[in-house]
Amino acid sequence: MKVGVIVPQGWTGEYDGWEPDRAWGRTVEVAQQADQLGFESIWLFDHFHTVPKPTDELTFESFTSLSALAALTSRVRLGHVVICNGYRNPALTAKMAGTLDTISGGRFELGIGAGWKSDEWLAYGYGFPPTKERLARLRDGLGVISAMLAPGRNTHATYEGEYASVRDAINLPKGLQTPRIPIMVGGNGPEVTWRLAARFADELNLDGLSPDEVEAALPVIRSRCEEIDRDPATLRISLHAWWGSPDWSEPGAGRPGYLARLAELGLSRVMGLLQASATSDEPLQALAADVVTAGLELSSASAPAAR
C-alpha cells in the first residue's frame, strides 16, 4: 500500500488570515517536501468555498494549482480527491487531463465524483440538481471522458448521453501514460457510485471510512465488478483518510497500526490532509516515520528511519 498526502490549499481553513502569496509559497513547500520524503502522491481538493461554512478565506483552484505543482515536483504522482463532475464540461476535463499528464511527465491521476457541496454549486451558478441527477451526470461524464482518453492518435471520441455528448472529438495530447490516464471514481455509494467505478474506473476511492467499514465494503465492491464480469482484482481500492480522524492525524502509537490494517485489507493507497503541515514541517516528517514503522515503503532514500 502506498501513502499520499493532500497538500494544503485553504479549503479546511488552514490558511485563514493568510495572504495569497504566502499561502501559495507554503503549498509549494509542502508539495516539494512530500516529493523529497518519498510519499507516493500529492493531492488537492476540488472546492471553491471553505468548509464547513463558506468564509471570506482563500481556497486555491485545483487544476491550475496542480499544473503548477506538476512543474515544481519531479517524482510524486498528482491528482484530485476528487474533482466535481458538474463544475466542468467533461470533454474539457479530458482535455485538461491530457495536458496536465503531459506537463507532469505522465504522473497525473484523474479523480472524479458527483459533487456534494451545495453552497458552491449555487454560488457559482451551477444550480444544485438532486442526487439522482448528479449521479446520472457523472455517468455521462465518465462516458465522455473514457471516450476522449481512449488510446490512439486517430481515435476520435463519440458518446451520446442524456447530459453530456461528444461527436468525433479530437483530444490530443491524451497524456503520456498507456493505455490511458488512470481514472479514480470517488464516493461511498454502493448502489450507483460503486457500479460506475466498476464500469469506468481503474480505482475506487472511499471517503473517510474506518478500517472496519472498509472491510465491510469490500465484498460489495467485488460484487459490483462481478455483475459486469469484471475481475474484481483489476479495480484498485483506496481511502481518503478524513483529516480530523485521530487514526490519521495524530502521529505515534495508533497511526502505524491504522496504516498496517489498511494494508492488510488490500488497499492500494491511502491519502489525507495533515492540517498542521500548513505551518510546520513536522507533521509530514512524523507521517513518513510512521509509514516506515507500519512496514510500508517510501520512495526516497532520504526518508526517516522508523522510530
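Reader: What are the ground rules on pLDDT and numbering?
Author: The model is predicted: local features need pLDDT of at least 70, side-chain atom pairs count only at pLDDT 80 or more, and totals for chains, interfaces and linings use all residues. Residues are numbered from 1 along each chain as its sequence is written, and side-chain values use heavy atoms, with hydrogens and water left out.

Reader: Start with H1. What span should it have, and how far apart are its ends?
Author: Helix H1 covers residues 20–37, and its 18 residues should span 26 Å at 1.5 Å a residue; the expected span is 1.5 Å times one less than the number of residues. Its end C-alpha atoms are 26 Å apart, which agrees. Helices (H or I, at least four residues) and strands (E, at least two) are DSSP runs, numbered from the N terminus.

Reader: Which of its residues are buried?
Author: Among them are Ala 23, Val 28, Val 30, Ala 34 and Leu 37, along with Arg 26 and Asp 35. Buried means under 20% relative accessible area, exposed over 50%, and partly exposed in between (1.4 Å probe, protein chains only).

Reader: What covers them?
Author: The cover includes strand S1 (2–6), strand S2 (41–44), helix H2 (62–72) and helix H10 (282–293), where contact means heavy atoms within 4.5 Å.

Reader: And just after H1?
Author: Gly 38 takes a positive phi of about 100° there.

Reader: Switching to the cysteines. How many disulfides?
Author: The count is zero, taking a disulfide as a pair of cysteine sulfur atoms within 2.5 Å.

Reader: Are Cys 84 and Cys 225 buried or exposed?
Author: Cys 84 is buried, with a relative accessible area of 4%. Cys 225 also counts as buried, at 1% relative accessibility.

Reader: What about phi at Asp 168 and Asp 229?
Author: Most residues other than glycine have a negative phi. Asp 168, in strand S7, has a positive phi of about 55° and is exposed at 52% relative accessibility. Asp 229 has a positive phi of about 60°. Asp 229 is exposed too, with a relative accessible area of 74%.
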